[in-house]
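Subject: Structure for you to look at

Hello,

Here is the structure I promised to pass on. Please open it and keep it on screen while you read.

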Amino acid sequence: MSRFFLFLIVIILVMVGAALSWWAFSLPGEVTFPVGQEIVAVKSGVAAIFVVLLGGLIALIWWLATGILVLPGRLSKARRLSQTRKANAALAEGLLAAEGGDAKAALKLARRAMRHAEDERLKLLLEARAAEANEDWAGAERAWGLLTRLPGGQLAGLRGAATAASERGDQLTAETRAREALALKSEADWPFNSLFDLQVSKGDWDKALETLAQGEKRGQIEALNAKRRRAVLHTAKAVSLPHTEKQAAQKALADAIRSAPDFPPAAYHGARFLMTDGKTKAAQGVLELGWKARPHPALAQLSRRLVPQDTRQNIAARLKGLADAYPSHRESRIVTAENAMDAADWVGAIRILALLVEENPTARLCLLMERALKGYGDPVEAQRWGRMAASASREPDWSDIDPKGNAFDFDRAAWGRLVYAFGDVGDLVHPRYETYGRELEAGRVLALPMADDGPLAPPKAPQGPLTQPLDYAPDDD
């Protein structure tokens, strides 16, 4: 089709040329001009054609002359364009190789791009990526550092430098780079997350609290998550303080409880500090506040031991206060059953435990049922429940309590995990549960002394045949 149109254009031009030639030759008159001693006469049409041809020849000569003059510049420009295309191709292929994990190809292409690329930022970006692919963290940090000095490359350079410093183990430099990035006016959320993560990993709770406040102010974390994270940080800070700074620890725990009343470790440690100061009522109030927000067995165990050698009636009253704060909760029903056993109301305890066992027969409930049945006077059935406890599932919350009755005794790493587990999704971490650590025996009551007589002596089990029927007779699975 294109050839047809070209042929058609040629035909049209020939026809136009022929028509113009006929018109020119048909013009009347002559054009005379001297040639030496003679006068030459040329028809007007021929003269017109000659003038047109002469003008075209002059234009052709001028075009050739100017083309020769600008030819070096055009050749240089073409060479630069060719180098730019090669550099861009090397940059693209190098970045893809670095992202794909081909370290050798990325390094080779980075060297090629550095010879031809015009944009220094792209050269440094590829150099840094290639160094990272080769795990040359010092080289990567150098390239990222140079990028921070170029326009538009500061934020990306700081992020890469922080990552490289962290990879080579220089947490202080990584934190400094993240802090510099956080000081920039940017909507990027990585500076906040990176700086916060570094501070949490080091257990620098005070600085993490400051960074959290800054991130919350900028809207880089949801308000609820910030409150829960703050509760964990305050609690971790409080338990890490020495005994000489008890007042600061109590303030931190009060801040934690205000931030998230449903964080059991804050209520537990807050009440424990008050207990050591002899503020029993205040400690019980903190436990009830925490129980109302989120019941946890560790809170009940601490409530039992608020007063050493306390009377059974006072212990029962405190536990009832907890249960009444959230009566429908599973832990409240367990506390009610334990209170019934402490009062030798074995039937009432068995009825409560039977319903709980039907919902989820854990090892803890099986052991409680064993204790209730022993107290009731049915040792055979009690032994069966004891055997069932050996293969029943454990409870994560109960595993937080060690055999001595202590709870939430976490190391720095566990507190760090808790910042995110509870802070972001509201879950607790259970290191003892994950490592199959021994927990407090479910049927063991730490608040009761070992004496056989006196006002605190445990009630004795009835002897002889059973006198009351049981409403629940479980099947031995």
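Below is what I found, starting with the whole chain and moving on to single sites.

**Whole chain**

Bear in mind that this is a predicted model. The protein chain has 22 helices and two strands. It holds 477 residues, and 40% of them are buried.

**Two helix pairs**

Start with helix α6, residues 154–167, and helix α7, residues 171–183. Their axes are 7 Å apart, and the packing angle is about 160 degrees. How do these two helices run relative to each other? An angle over 145 degrees counts as roughly antiparallel, so α6 and α7 are roughly antiparallel to each other. The crossing of α6 past α7 is left-handed.

Find the side of α6 that touches α7. It includes Leu155, Leu158, Ala161 and Ala162, along with Ala165 and Ser166. On the α7 side you will see Gln171, Thr173, Ala174, Arg177, Ala178, Glu180 and Ala181. By class, this contact of α6 with α7 has eight nonpolar residues, three polar ones and two charged ones.

Next, go to helix α10, residues 223–240, and helix α12, residues 264–276. These two pack at an angle of about 35 degrees, with axes 10 Å apart. Their crossing is left-handed. From α10, the contact uses Thr235, Ala238 and Val239. From α12, it uses Pro265, Ala266, His269 and Phe273. Five residues of the contact between α10 and α12 are nonpolar and two are polar, with no charged residues.

**Two buried residues**

Ser303 sits in helix α14, which spans residues 297–304. Is Ser303 buried or exposed? Its relative accessibility is 0%, so Ser303 counts as buried. What surrounds it? Setting aside neighbours within four places in sequence, Ser303 is in contact with Gln284, Leu287, Arg318, Leu319 and Leu322.

Ala407 is in a loop, between α20 (396–399) and α21 (412–425). Ala407 is also buried, because its relative accessible area is 4% and the cut-off for buried is under 20%. Again leave out neighbours within four places in sequence. Ala407 then has contacts with Tyr268, His269, Ala298, Asp400 and Ile401. Ala407 and Glu439 are 32 residues apart in sequence, and their C-alpha atoms are 9.6 Å apart in space.

With a relative accessible area of 59%, Gln309 is exposed.

Ala344 has a positive phi as well, near 65 degrees, and is a residue other than glycine. You can find Ala344 in the loop between α16 (330–342) and α17 (346–359). Its relative accessible area is 30%, so Ala344 is partly exposed.

Best wishes

Notes. Residues are numbered from 1 along each chain as its sequence is written. This is a predicted model: local features need pLDDT of at least 70, side-chain atom pairs count only at pLDDT 80 or more; totals for chains, interfaces and linings use all residues. Side-chain values use heavy atoms; hydrogens and water are left out. Helices (H or I, at least four residues) and strands (E, at least two) are DSSP runs, numbered from the N terminus. Buried means under 20% relative accessible area, exposed over 50%, partly exposed in between (1.4 Å probe, protein chains only). Axes are lines fitted to C-alpha atoms, for helices over the stretch in contact, and angles run from 0 to 180 degrees between N-to-C directions. Angles under 35 degrees count as roughly parallel, over 145 as roughly antiparallel, 65 to 115 as roughly perpendicular and the rest as oblique. A crossing is left-handed if the near helix is turned anticlockwise from the far one by less than a right angle, and right-handed if clockwise. Contact means heavy atoms within 4.5 Å. Ala, Val, Leu, Ile, Met, Phe, Trp, Tyr, Cys and Pro count as nonpolar, Asp, Glu, Lys and Arg as charged, and the others, Gly among them, as polar.
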